Amino acid sequence: MAVPVAYNLRNMVVRKTTTVMTALGIALTVAVLIAILALVNGLRTTLSASGDPLQVLVLRKGSESEVVSNFTRGQFQDIKFKPGIAAGKDGQPLASLELVTVINLASVDAPDGMNVTVRGLPPAGIEMRKGLRISSGRWFETGHRELVVGKSIAERFPDARIGKRLAFGRGEWDVVGVMDAGRGAQNSEIWGDLNQVSSDVQRIDVLSAALVRAIDAPAARALINDLNSDQRLNTNAMSEREYYDLQTASAAPIQFVGIFVSVIMAIGSSFAAMNTMYAAVARRAQEIGTLRVLGFSRGSILSSFFVESVLLAVLGGLLGCLLVLPLNGVTTGVGGANFSEIDFSFHVTPRIMALGVAFAVILGAFGGLFPAHNASRKEILAALRGI
Amino acid sequence: MFRFLPFVLKNSWRNRRRTLLTIVSIGVSMCLLGVIISVYHAFYLSDPTSDQALRLVTRNRISLTVALPQFYRERIKQIPGVREAMVSQWFGGSYKDARDPKNFFARFAIEPEKLFSIYGELSIPEDQKRAFEHERTACVIGRDLADKFNFHLGDRITIVGDIFPGNYEFTVRGIFDSPRRSEVLYFNREYLEQTLPEARRGNVGTFTVLVDRPENAVRIGETIDSSFHNSTVQTKTESEQAFALSFVSFLGNVKAFLLSVSAAVMFTILLVSANTMAMSVRERVREVGVLKTLGFTPGTILGLILGEAAAIALLGGFIGFLISTVLTAGVRKSPFGAFLPPVSPYDPSVAVTCVVVACLIGLLSSLLPAWGAARTPILEALRSTD
């Protein structure tokens, strides 16, 4: 027969100081793990919100990012009338020739400057991005030296707000609007008119990439195949979704370091949990003897202490979740494929919290195993005598 | 005060299992803290190495991705205090399948005859150096890169260009040793220039500038930038250390990450140590009563318990520091090592920080239980049955 769990719960309440301290130790470990997972998840959410599976990004062969790609106007004319491309409001194919460059801007937390993507694009490029809207101000006008900034750029860079002027290329640019891409990476970009931007950085004929919108999913696949197999074009086409998915790799170092840190912290906390459980066993020697006299088997004693350790860890895990919740939505940045920063927010999901609690359970199980074994091995008489 | 040292040690050794578990627990956490402290130190607090302090990097003010005109080199070389200025162009491109991050390494187009005088810390056999200078399609690679892909002298490496489209084939003519992680390939910029269309020639990514004395570096950097201030293309010059650090921000907000993790680790150690001390004091209330009857003052008792906690924490901290030196050596060999100045695992300031932190945590953690024990009235303490 098993010892009732209420016995363990009451014991935890009686030794509340020790319980709270051990649980808090576990909580911090779990918090670090959850924070890292939430960070990586946040980046993943942002990247997968950035790419539309119907849109095909065309780079030059050999290029894996827009900023290193070279794409000529001639190449663009060749792909623009490929079959399967959707038509825009004006009846022209939805294809956008874009220039991507990077400028260094001083931000609130990096006064020495941070790399920011500047994208020059034609009106079709704006029409294609369905998830995008202007949250304040207006779009830039073709032929004007005007810029629209992503909402996280507007928050983090004091120089990039409506009414201010940004200096790059051959002179100053007016910031006329702020765009909101939901969770998308476009929040970390600055957009301007294609011809204005490209002439300013002296790349009038050699631009970066083209984005085209397919009619439907099969058309998108066919278009990608068509573009990649056309030797004459010399292009590397992929769906916009895939392009952003590949960038998830930029979170790999942080994920690796974070998991390494959590595992080491977990070793430390499980030793601490072991300590607490050994103390619990030692203090309750007489109780253990009594339980044995009452007829509880060695196995029930073992599982009872084991369960207590796991309960302690679960408490710690839950506390850890609570500790991390305020982080949810906090914005941070990481370097992306375009040699500039992508902003994203911590994204704590129930699944991540469950993972955190599971991690705590493993930790508690490891910490409780030996003390529980120790408790079950006590001889009845010796235990009752309280040695 | 050291009169009581044997007593303190004996007390801490009374419950061996608990003390050992506590020491291990603190040690494991402290080793993490040790690594974080040494990485933080290397990133933000360390002085540049003597070679590094002599180098500046000049780039386009707009950003690193925008080029500078090549003729700037001559103007930079005329600035007093500048010993040499070398063109350096990030080549990019991909080796084999670029989607596999393992295939990534840095490639730079440089001026072969200047490379080893500017990077004085790189060592290469004289004949290999000469072979590199005399062959247009030659390249030199770092020892780490050679080991990683098992490259040998005479091997051919094909890189598919992206910023500079086309297939480029290089012959390995030299392998150099570097105190830092050296997954890097240098090749002759002339080779690159000749493959480019007329319109793209004469452009430069950065200039690596060697100055005569470290104390002149800041002044020379400012002089370079101000001499191009009114030109169409303006420059930004920073120390090599600052330049390298700007890449670290690419990994994310490293500073905040390091600080918040170390705060969490320290707090965990505090809890572990406090828990142990609370347990051990609770068991000893009666003993404290006896000590008091023997004439020990509350102050001495406070000191005894604080000392015990400090001893345990110190030992844990020391063990942690020892493990951390091993881990730090690992960090230096990891891909991060390329951004770091050579992290010395036995940096005295890191060691002192670890020990001080451990000691402080020990003292802090036992303050409350020790205070309680010292203040318990004799009779009550003696009556305690736990």
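In what order do the strands of the open sheet of 9 strands in chain B run? Before the answer, please keep in mind that this is a predicted model. The order is β6-β7-β5-β8-β4-β3-β10-β1-β11, and the pairing is mixed. As background, strands in a sheet pair through backbone hydrogen bonds, in either the parallel or the antiparallel sense.

At the edges of this sheet stand β6 and β11 of chain B, the latter being residues 235-239. Each has a single partner strand, so one side of each has no neighbour in the sheet. On average, neighbouring strands here are turned by 35° against each other, if direction is ignored.

Now β11(B) in particular. Is this strand enclosed or open? Of its 5 residues, 5 are buried, so β11(B) is largely enclosed by the rest of the structure. Having an edge place in the sheet therefore does not leave β11(B) uncovered by the structure as a whole. Its pairing with β1(B) is antiparallel and runs over 5 bridges.

Helix α8 of chain B, residues 217-227, lies across β1 (55-60), β3, β10 and β11 of chain B, and runs at about 170° to β11(B).

Over to chain A, and a hairpin. Strand β7 of chain A, residues 165-168, pairs with strand β8, residues 171-180, in the antiparallel sense over 4 bridges. Between β7(A) and β8(A) there are 2 residues, and G169(A) in the turn has a positive phi of about 70°. Which residues of β7(A) are on the covered face, and which on the uncovered one? L166(A) and F168(A) make up the covered face, whereas R165(A) and A167(A) are on the uncovered one. R165(A) also stands opposite D174(A) in β8(A).

Next, the domains of chain A. Domain 1 takes residues 5-48 + 250-385, and domain 2 takes residues 55-215. Their centres, taken over C-alpha atoms, are separated by 47 Å. Where they meet, 12 residues of domain 1 are in contact with 16 residues of domain 2. On the domain 1 side, α2 (16-50) and β14 (341-345) of chain A each supply at least two residues. By class, that side has 4 nonpolar, 6 polar and 2 charged residues.

The nonpolar cores come next. The largest has 178 residues, and the members that touch the most others are V32(A), I34(A), V58(A), L147(A) and V212(A). The element that gives the most to this core is α2(A), with 19 residues. Taking I34(A) as an example, and leaving aside neighbours within four places in sequence, its contacts include G320(A), C321(A), V324(A) and V348(A). A second, separate core has 47 residues, among them L56(B), V87(B), I110(B) and V204(B).

Then the contact between the chains. How many residues does each chain bring to it? Chain B brings 41 residues and chain A brings 50 residues. On the chain B side, the elements giving two or more residues are α2 (16-45), β6 (156-161) and α10 (254-282). The largest share, 12 residues, comes from α10(B). By class, the chain B side has 22 nonpolar, 15 polar and 4 charged residues.

L5(B) lies in helix α1, residues 5-12. L5(B) is exposed, because 11 other C-beta atoms lie within 10 Å. From L5(B) to S117(B) the separation is 112 residues in sequence and 58 Å in space, C-alpha to C-alpha. G372(B) is in helix α13, residues 348-375. It counts as partly exposed, with 16 C-beta neighbours inside 10 Å. The C-alpha atoms of G372(B) and A278(B) are separated by 9.8 Å, and these residues are 94 residues apart along the chain.

Terms used
Residues are numbered from 1 along each chain as its sequence is written. Chains are lettered from A and ligands numbered from 1 in the order in which they are written. This is a predicted model: local features need pLDDT of at least 70, side-chain atom pairs count only at pLDDT 80 or more; totals for chains, interfaces and linings use all residues. Two residues are in contact if their C-beta atoms, placed from the backbone, lie within 7 Å. Ala, Val, Leu, Ile, Met, Phe, Trp, Tyr, Cys and Pro count as nonpolar, Asp, Glu, Lys and Arg as charged, and the others, Gly among them, as polar. Domain bounds come from an automatic or database domain assignment. A residue is buried if 20 or more other C-beta atoms lie within 10 Å of its own, exposed if 12 or fewer, and partly exposed in between; C-beta atoms are placed from the backbone. Two strands pair if DSSP finds at least two bridges between them. Axes are lines fitted to C-alpha atoms, for helices over the stretch in contact, and angles run from 0 to 180 degrees between N-to-C directions. A nonpolar core is a set of buried Ala, Val, Leu, Ile, Met, Phe, Trp, Tyr and Cys residues joined through C-beta atoms within 7 Å.
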